[in-house]
Amino acid sequence: MTERKSLIRSTEITRRTALGMGLGAGALALMPGLAQAAPSLTLRYGHNNEPASVAGAQADWFAEALGQSSGGDIAVEVFPASQLGKLQELAEAVSLGSIALSHNTAGGIGSLYEPFAALDTPYLYRDVDHLLKVTDVNSPVMQELNEGLIAAANVRVIYAHYFGRRNLTANKAVYAPADLAGVKIRAVPFPIYTTAVEGMGAVAVPVDWSEVPTALATGVVAGQENPVNVVLSVKLYDVQSHLMLTGHMSNAEMVVMNEDVWQGLSAEQKQAVTTAAEETRIKATNAILDKEESETQELRDLGMTVIGEDDGLKLEEFRSSVKALVDERFGEKFGDLYAKIAAVA
């Protein structure tokens, strides 16, 4: 399998791998024969997030967990902050076999297999528990989507964690869709996201995440939408004055693996990946859930004006406006899938 050679390579043990096995720095210095315990596989994991964010940190948590669950047999080398490419490039790199692992929004994965984008439909889930049940890789919905993704792009989702509720930021107060008329808002460069932004009343400007801080600072866009953890970790409060709690989209971040890599693993290695995936999914989800309220308050303390329903935010107007555009563009295409998602109890 020639493609697999670019994804997996034999290597001497690295500091990260050793730490993932539970070995401290002192133990490393005292073990000159450690190379004999080198991992048999090293997988490259590229993503677009800063390591300080939960989405970025969870890649490192997965690397550590897999080092432990595999007994040091599998190492993961993580490349954060778009070092290996932008969102679309990373999705394609996993599909083509340039890297073994990455993570993306469901809308981003939809660029490889369109039905996946339905999982990022605005105002889709009843609550976080519903989202987590739907996006569990063992749910009927995810099993069906994964089969399609594997067939279409040679990629599988190995786990998905809660990413947060996406909210709007801007340099002015926004209370209703009418307040966004003519306002340029950054959208994740995938159709379901541009639809969400346009549905809120704004002009959607597709911008890759790596370019967002510059686009905001230079006025290319006047706002963006993301969970509060991202707003805080990337210090968007330095270039945005207002946070509107629209909660227009509840996201699960999808962690994907090249299918050739997966099929090339032994049964024991697959179990190690599955174990590490479940551990990381729970840890990352809890990290987001535990911090959403406190991080919102921290943004207030840093000077952002936070506008919620109690402050006059007309949430039902946003919901109705977005839903109308989603139904127009995706209702027929994803209608059956929406029904299956709604049926998940």
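In this predicted model, one face of helix H9 meets helix H14 through Pro191, Ile192, Thr195, Ala196, Glu198 and Gly199. On the H14 side, the partners are Ser321, Val322, Leu325, Val326, Arg329 and Phe330. The residues of this contact divide into 7 nonpolar, 3 polar and 2 charged.

Two packed helices are described by the angle between their axes and the distance between the axes. Helix H9 spans residues 191–199. The axes of H9 and H14 come within 8 Å. They cross at roughly 140°. That angle makes H9 oblique to H14, because only angles over 145 degrees count as roughly antiparallel. The crossing is right-handed.

Glu198 pairs with Arg329, and the closest N and O atoms are 2.6 Å apart. Glu198 lies in H9 and Arg329 in H14, so the pair ties together parts that are 131 residues apart in sequence. Glu198 is partly exposed, at 31% relative accessibility. Arg329 is also partly exposed, with a relative accessible area of 37%.

Helix H14, residues 315–343, packs against helix H8 as well. Helix H8 covers residues 140–153. The angle between H8 and H14 is about 145°, and their axes lie 9 Å apart. From H8, the contact draws on Val141, Glu144 and Leu145. From H14, it draws on Leu337, Lys340 and Ile341. These residues divide into 4 nonpolar, no polar and 2 charged.

Salt bridges were searched for across the whole structure, and 11 were found. Among them is the pair of Arg165 and Glu292, whose closest N and O atoms are 3.3 Å apart. Arg165 sits in strand E4 (residues 155–170) and Glu292 in helix H13 (residues 267–301), so this pair ties together parts that are 127 residues apart in sequence. Arg165 counts as partly exposed, at 36% relative accessibility. Glu292 is buried, with a relative accessible area of 10%, because buried means under 20%.

Another of the salt bridges joins Lys133 to Asp129. Here the closest N and O atoms are 3.3 Å apart. Both residues belong to helix H7, which runs over residues 128–135. They are 4 residues apart, about one turn of the helix. Lys133 is partly exposed, with a relative accessible area of 36%. Asp129 is partly exposed too, with a relative accessible area of 42%.

Technical notes
Residues numbered from 1 in each chain as written. Predicted model: local features only at pLDDT ≥ 70, side-chain atom pairs only at ≥ 80, totals over all residues. Heavy atoms only, no water. Axes fitted to C-alpha atoms, helices over the stretch in contact; angles between N-to-C directions. Helix = DSSP H or I, 4+ residues; strand = E, 2+ residues; numbered from the N terminus. Contact = heavy atoms within 4.5 Å. Nonpolar A, V, L, I, M, F, W, Y, C, P; charged D, E, K, R; others polar. Parallel < 35°, antiparallel > 145°, perpendicular 65-115°, else oblique. Left-handed = near helix turned anticlockwise from the far one by under 90°. Salt bridge = Lys/Arg side-chain N within 4 Å of Asp/Glu carboxyl O. Buried < 20%, exposed > 50% of the residue type's maximum accessible area, 1.4 Å probe, protein only.
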